[in-house]
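The structure under discussion is shown first.

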Amino acid sequence: KVEDILKRIQAHSGVIATMVINDEGVPIRTTLDNSTTVQHAGLLHPLTMNVRSAVRHLDPENDLNLLRIRSKKHEIMVA
Amino acid sequence: IGHPEFFPLVFTTKTQEIFNCRVDEDVTEENCFKLIRKDDIIQDLKARAAISDFHPVKNIVLEYQGEELLVVFDPKFQYGQNFYLVASEEAKENLLKPPETAEEKEAENQEETLEVCPYKPPVHKPWVSLGSEKEVEEESVKDGVTKIKYMFSRVRRKFGAPITFTDKNASEVKDSYIECTSYQDKAFSIKKLEKDMGVQMVPRVTEASTQTTWTYPKNAATQYFPRQLSSEEKEESLSSEKLKDFLTSVHLRMEIALQQNEIMNAFFDDWKALAEDESSSGGKPDVYLKAYQSFVDLRYLKDRTISCICWHPTIYGIIAVSARQRLSYEEQFNLSEKSLLQQPVILFWSFFDPLHPQLMLECPEDICCFQFSPSDPNIIAGGCINGQVVLWDISQHEEKLQNAETVADEVKMTTVNMVNVPTLNVLYNTELPLVRYCAVSSIESCHKKPVTDIHWLPDCFEDNQMGATFENRDEIRVQLVTCSPDCSILFWDVPVPKLPEPSSEKLENYALFDTAPDVPDTLKNLDLCWKPLIKIDLHESDTTKEYGPTRINLRELHYHYKTSEKLHTLSPQREVRTPSSKNRRVLENISTGFFVGTEDGEIVYSDWVIEIKGQNHTQKYTIHTETINTLQRSPFFEDIILSIGGRNFAIWKEGVTNGPILQSSCSAGRNTVGRWSLTRPGVFFIGRDDGNIDIWDLLKKTHKPSHFQHICKSTITSISPWISSTKQHFLAVSDDLGALHVLEICQMLSHPSRNEHASILDYFEREVNYLKYCEQEFQEFQAK
């Protein structure tokens, strides 16, 4: 079932890669090569933590739903 | 002042006459009382009613008890008017009686009587002294002692002499000053009971510094590698429930987000699009062609008109213009007298040097039109006024053209150093290279009349003598098409050129040819014996009427210019060869239709394959009244053609045979030339014979030009738009006096709005449908 979900997301048009990262920032499952994955995980994990803490500080009952980073070339979505 | 019993009255003269109380006659200041009988007053009231002066006091009069009423003259207007009526007997008695006796005592009514003393002039009396003389004498100033006069004199030369001042301490000399020292006086002692004092708190600040000792410097570095889970751990976590739950909860939002991205373009920059919209809709921005540069040469272009402009396809800022005799309308047809006082030339101008042309191409005759070869910008083909076709090769000067900027500076510098004026001319002469043509067609087989249009054929096909089109794989343009009013269209074959070799042995071979040393040897064998490949005569088979084409337009004439670097990468040694018909595909679906504009103003649409075979499917349209001078395809739409001749222009669509899609009304001046804009699909420029350029924007108005601009005083002979860079769009305009104006097209005219292409396409579709509809209506009408 996990596989199915990941496959479905990956199958969307326009999706370049998918990564599953645990709460310590260590990648579990990825469709990219190792070095890129590690780089993305190392950069995105602290960012997500930061954003989430910011959201919760503003309203303690709030929580981060989806973080979308849209750059000139790509868009990164972190759930 | 209002006294309760005195009523002010105004007595007019009439009233005064009636009652004998005329001012200053019966009644005076002294004798101010007048008794009037009540009956008289009542009679007067009856007689004169409202205008009677007693009208305001009518009630009082009627109620009055006595027989006579007292009216008092009041010269001082004490009570407001010049008379007043006394309303009661008692008051009357008081008035009449007391004033005579009561000068000292005050009246009960508080009536003031004015004392009027008689005036007595002053009488002289002797002076009585009252002791003031003494005071006057004491105050006056008198000279007590006679004044003493002193006279000081000094030698004249000491006046104004320089003076020196010195300083001296006063304490040095005794008794030069008197001091008043202070001492404490025992008599006084004041105890101060109150004292004002202020206190401020200031932190105690001390500065201190320390220095640490860095015993020995050492670089520290850490090396790390990212944490990675081993594969078993990965497997374990992948199959954990937590992950499953997490993914099931999360994947929905991911999919929503992804769908959103699919629906809407995530990378659309709203900000930039906003700016675009605003610039097109807001306000009325200036639309204009800004004058960028003007090129005039007095030596070569004197009394000459420019017949054709061409931008250099690769080098920025180089334009070539061809000059021609300025002939009147009749002379153009006769061409019998040709004065060869001046060498006909093609001049190359560069933006960086507006005074001196960069390069000059020598022509055998006046050139009517010329084109750069799209595959090799160093080959130029031109059509002469006597029907010949000429080729030039400027590869030797290509570098010079590319460095035009530096050369211009050098020329300027050297001219500055020169002192003598005559040597300047010499310098000017030697700096301008003259390139002689390297091939000219044979006189017998070329056109009989001036070549009015010349085009390089696209590189994808060649025609052979059989009329079939073949593919040319080398991407080198090898064929030309020319047309002339002698009713023929000629196809020329340009063999692949051979680069000259500077070796000495070859020179012997070429010694037979007696030519100038610096002419490139390309196409040597063509010179004077170049013959056209195919000749097409345009005439109607049944009426033997012939068309004199002035402009021709083939379908596949889209130029894609290549830089010359690519050419150099090909093998440097190439031999002249004729294209073999072996390994070529025959192209079946090339459209062979072409448009021809004729001398008489007709537009003919024909097919050259069919022409050769003898059949005739031509269509002919007569819209214009004068010679067609422009026939150009739109750079955006392959089947839309603009034709200009005489006083109107028309837009045609290939395949629509009823007529033109758009036909303009007659304009004020003769249209001499027109071009589509290279960037905006609905914009084209038309030059007129009064020096104006009309800018037509089909999106704005289709019945008249959206803007026009006055460029010069004489007829505009040629227009050529060009894109030098994304910011600079130029329009080269040449006029009858030999001047070339380069104008910069403003952003409004050069940047298309977002949907312009689609809108223009829509517009043309609509026009085509409208034409069809009109045709239908007409047929229905005829059927009735």
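This is a predicted model: local features need pLDDT of at least 70, side-chain atom pairs count only at pLDDT 80 or more; totals for chains, interfaces and linings use all residues.

**Chain A**

Chain A contains 2 helices and 4 strands, and these elements follow one another in the order α-β-β-α-β-β from the N terminus on. Of the 79 residues in chain A, 30% are buried. When the contacts within chain A between residues at least 6 apart in sequence are considered, 8% of them join residues that are at least 24 apart.

**The interface of chain B and chain A**

The contact draws on 25 residues from chain B and 28 residues from chain A, and the area buried between the two chains is about 2,600 Å², with carbon and sulfur atoms giving 65% of that area. On the side of chain B, Arg227(B), Leu238(B) and Phe267(B) together supply 21% of the area that this chain buries against chain A, which is more than any other three residues supply.

Polar interactions also cross the interface, where 8 residue pairs are in polar contact, both residues of each pair being at pLDDT 80 or more. In terms of secondary structure, helix 7 (231–238) and helix 8 (241–263) of chain B each provide at least two residues of the side that touches chain A, and helix 8 of chain B makes the largest share, with 16 residues. Sorted by class, this side of chain B consists of 12 nonpolar, 7 polar and 6 charged residues.

The rule for salt bridges finds 1 across the interface of chain B and chain A; in the salt bridge between Arg8(A) and Glu255(B), the closest N and O atoms are 2.9 Å apart.

**Cysteines of chain B**

A search of the whole structure, over all chains, finds 0 disulfides. Cys363(B) is accordingly in no disulfide, the nearest cysteine sulfur being that of Cys384(B), 6.9 Å away. For Cys369(B), the closest cysteine sulfur belongs to Cys308(B) and lies 6.1 Å from its own sulfur, which is too far for a bond because a disulfide needs the two sulfur atoms within 2.5 Å.

Technical notes
Residues are numbered from 1 along each chain as its sequence is written. Chains are lettered from A and ligands numbered from 1 in the order in which they are written. Side-chain values use heavy atoms; hydrogens and water are left out. Contact means heavy atoms within 4.5 Å. Buried area is the accessible area (1.4 Å probe) that two parts lose on being put together, summed over both. A salt bridge is a side-chain nitrogen of Lys or Arg within 4 Å of a carboxyl oxygen of Asp or Glu. A polar contact is a pair of N or O atoms within 3.5 Å; within protein, one must be able to donate a hydrogen and the other to accept it, and residues adjacent in sequence count only if both atoms are side-chain atoms. Ala, Val, Leu, Ile, Met, Phe, Trp, Tyr, Cys and Pro count as nonpolar, Asp, Glu, Lys and Arg as charged, and the others, Gly among them, as polar. Buried means under 20% relative accessible area, exposed over 50%, partly exposed in between (1.4 Å probe, protein chains only).
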